[in-house]
Amino acid sequence: MSTPRSVVLERLAYTLAAPVLAVAPNLYPDSPVNQVVQLAGAAGIGGWILAARSDEHGAGRKILRWSPLVLAAAIDVTAKTTTGFGPWWMDGLLAAGWAAAGYVVMPFSRHARSRHRPALAAPAVQLAPAEALEPAAVVDDGADALTRDARVLWERAGMPARTHIVKATRHPAMRNDYTLLLRASETGRPITGLSESVVAAAFFIDESDVTLSPVSIQPGRQGGPGWMEAHLTPDANQRRRKAPTDQERWTDKVGSPKGGAPGSELIHKSRDAVRGVTFYRAKMADATTSPRIDLAKVCRGLKLPEDDSCVFVLIDGIEFLISAFDKPPLSAIFPATRELLTPDAKGMYVCGFTITGQPVKNMVFQHDKNAAAHGLILGVSRSGKTQFFAINMAAQSLDGQVVWLSTVRKDEKTSTLGKYIDRQGSNALWMARSLRAAKALCEIRAEMPWPHDGEAHDYKPGDPRCPYRQLNVYADEFMTAAQDAQFGEFIQTDGDDLTVTGLKYGIGFNPAGQSPFAHNGFSTEMKDNLRQNSRPTIFNMGSPGATRKAAEGTMENAYDVPTIPARYAQQEGSAIERAMKGEADPENGVSTGGVAVMVMDNGRAVLMRSLYADFDTDLATLFPDDVNHLTDHEISELEKRGLWFDWNEPVRPGEFWPEPEDDDDGSTRRRGGGGGKGGGGKRGPKSGSSREAQITSPRQALEAIKSLNNA
């Protein structure tokens, strides 16, 4: 056997250092060599102390390894203090003895470094015989042929991670799939360093076909960190890649860390052939996490068309439901009927249906709050607002309530609705008059005595003793009306007051428009009251982002808001192939008019399609036979206040603002400040007089300037 290089170098160091220890202190007492030797000795003493205080094995060997440094320092100090080289050349004898002692320490040096240097000749590994004894001890343990064959491959791989195969079990109906039960070769040692790649290399399979799992402690069998199971499934994975089951596809493509719903697991898959829909019900594996769903990734993982009009997600806590329809479910028409629109005892009626066919209910009054109900309807033109007006008004009329409808401009549908409700008008002046009258009704009803005790009470829906009916004031295109130059300020001010005070007097305010924000007429106070006392209904706002923002503006918390596209269009064929052939895309879009997002009482947004009221037919089948009106007492009180007349008349003198008075010189000037006897508030800069509103030419402007200057 050749001498290791480290031993040769150490012997050479002792041989060269011995003369230095003898000569340097005598010839050069102040040399830095002496200081270096003494510092090395001090380091050796520190090594002694640390080795003595350590609880690890080999403390004596460590003390012995530090001894040469300490002895060298002692020899250096002795040689420096003696005269010359000392009696009988003691300095030289000490140095020579020190060098000889180094040869005694060298075996310990070799032993300490035996694990950190490579073998010089194979097979010179010292632990090989010990490892070879382990399989020999279990070769006759009664193992079956499969276990013995697996052990041969395992031993050929060098017993990875110092483990032993206890048993190999073949999977049913699988030729190359089996489970290995492993334990650590050394009793009481945990298994460390074992990975899927190590096991795969030993059995010549792909790393993805190996799964490691811990072994739980069972009666009659040990477990814990010293045991492990390795599942080798090349055949099953090949079948899984070619024809996976629903559970396997979900685990690999959807519930994986890079899937559309990471951390989820499929509960079951079901098919409703009648409705043409497939349901995937899933939940989060960890009950403390919330679902994070990327619908496009889910569709790709399940090999579904990436189409928002056919695939929907419904989240409920840690569970969620993926609904994949064959055709857009909200493209169907749900005709309105009197049976669906008739409110129940709690004031709830069916206003539409969701994608899953569930009925969605709206309220005509708040049964739990013992008050009337407001309404907020948003959407762009032709989105279905007027259709929703029709079914909402029909439900309120069927409950015996009074309905007023005002719009900024006249159209066919609102004029048709005017035949079945108490009052209807089509300009900003009419809307301002209706809001002022409704505001005055709050004062009138606050003083109306109830017949059973002669006292005045707050409105109680459904109470037969109530002397008046609930009034519902609709204001279509409220945003436009609130910005009207003449009457916008009155409309916005009275609308704010009505949302605050109207509920306790049985008056509900139902504004509709294309924006729910303050700069468009909806003050924060109005929006908060509408949100808390209604079920806001948001139709298509022009884009998915605008629809989502409008819905979030009516919700207390930010929930996932479904998107409403401009049209429902299913993907047909390949867009790439059509582009290569120069063919036009198919025109198969279906209007989303009537599709809306309704914010429920718990703040959750529900996508639905409202019931359809056909204005081309007679709407009398939806409304009651008799139109509901105010009581005679209410009408007489409104007449006393000058608020009950034909609201289509031109502005009456002093109705909203004081009329101008003639000065002594014959000129006219208008009083400033507050409104007339009908209320209405102060006039803003937008609220010019009727004369100012009629200026259409330079000559008229000049006359107006002369009038202002008393010229």
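The questions and answers below go through some helices, strands and nonpolar cores of this predicted model.

Q: How do you know that the length of helix H2 agrees with its number of residues?
A: The 22 residues of H2, which runs over residues 32-53, should span 32 Å at 1.5 Å a residue, and because the end C-alpha atoms are 32 Å apart, the two values agree.

Q: Which residues of H2 are buried, and what puts them on the same side of the helix?
A: Asn34, Val37, Gly41, Gly44, Gly47 and Ala51 are the buried residues in H2. They cover an arc of only 130° around the axis, and therefore they lie on the same side of H2. An α-helix has 3.6 residues a turn, so residues three or four places apart point the same way. The face turned away from this buried side carries Pro32, Gln35, Val36, Leu39, Leu50 and Arg53, which are exposed.

Q: Why is Val350 called buried?
A: A residue counts as buried under 20% relative accessible area, and Val350, with a value of 11%, is therefore buried. Val350 has its place in strand E9, residues 348-354. Not counting residues up to four places away in sequence, Val350 touches Leu340, Leu341, Pro359, Val360, Lys361 and Leu611.

Q: What makes strand E2 largely enclosed by the rest of the structure?
A: Seven of the seven residues of E2, which covers residues 178-184, are buried, so the strand is largely enclosed. Tyr178, Leu180, Leu182 and Ala184 point one way from E2, whereas Thr179, Leu181 and Arg183 point the other way, and all are buried.

Q: How do you know that E2 pairs with strands E1 and E4?
A: Two strands pair if there are at least two bridges between them. Seven bridges join E1, residues 163-170, to E2 in an antiparallel arrangement, and Ile165 stands opposite Leu182 in E2. Between E2 and E4, residues 227-232, there are six bridges, again in the antiparallel sense, with Thr179 standing opposite His231 in E4.

Q: Which residues touch the most other members of the largest nonpolar core?
A: Of the 68 residues in this core, they are Trp404, Val473, Phe478, Phe487, Ile491 and Leu638. Helix H14, residues 428-446, gives the most to this core, with 12 residues. Apart from this core lies another, of 36 residues, which includes Ala395, Tyr474, Val606 and Met608.

Q: Which residues are in contact with Phe487, leaving aside its neighbours within four places in sequence?
A: Phe487 is in contact with Ala428, Leu429, Ala432, Val651, Phe656 and Trp657. In soluble globular proteins, nonpolar side chains tend to be buried together.

Methods: Residues are numbered from 1 along each chain as its sequence is written. This is a predicted model: local features need pLDDT of at least 70, side-chain atom pairs count only at pLDDT 80 or more; totals for chains, interfaces and linings use all residues. Side-chain values use heavy atoms; hydrogens and water are left out. Helices (H or I, at least four residues) and strands (E, at least two) are DSSP runs, numbered from the N terminus. The expected span of a helix is 1.5 Å times one less than its number of residues. Buried means under 20% relative accessible area, exposed over 50%, partly exposed in between (1.4 Å probe, protein chains only). The arc is that of the directions from the helix axis to the C-beta atoms. Contact means heavy atoms within 4.5 Å. A nonpolar core is a set of buried Ala, Val, Leu, Ile, Met, Phe, Trp, Tyr and Cys residues joined through side-chain atoms within 4.5 Å.
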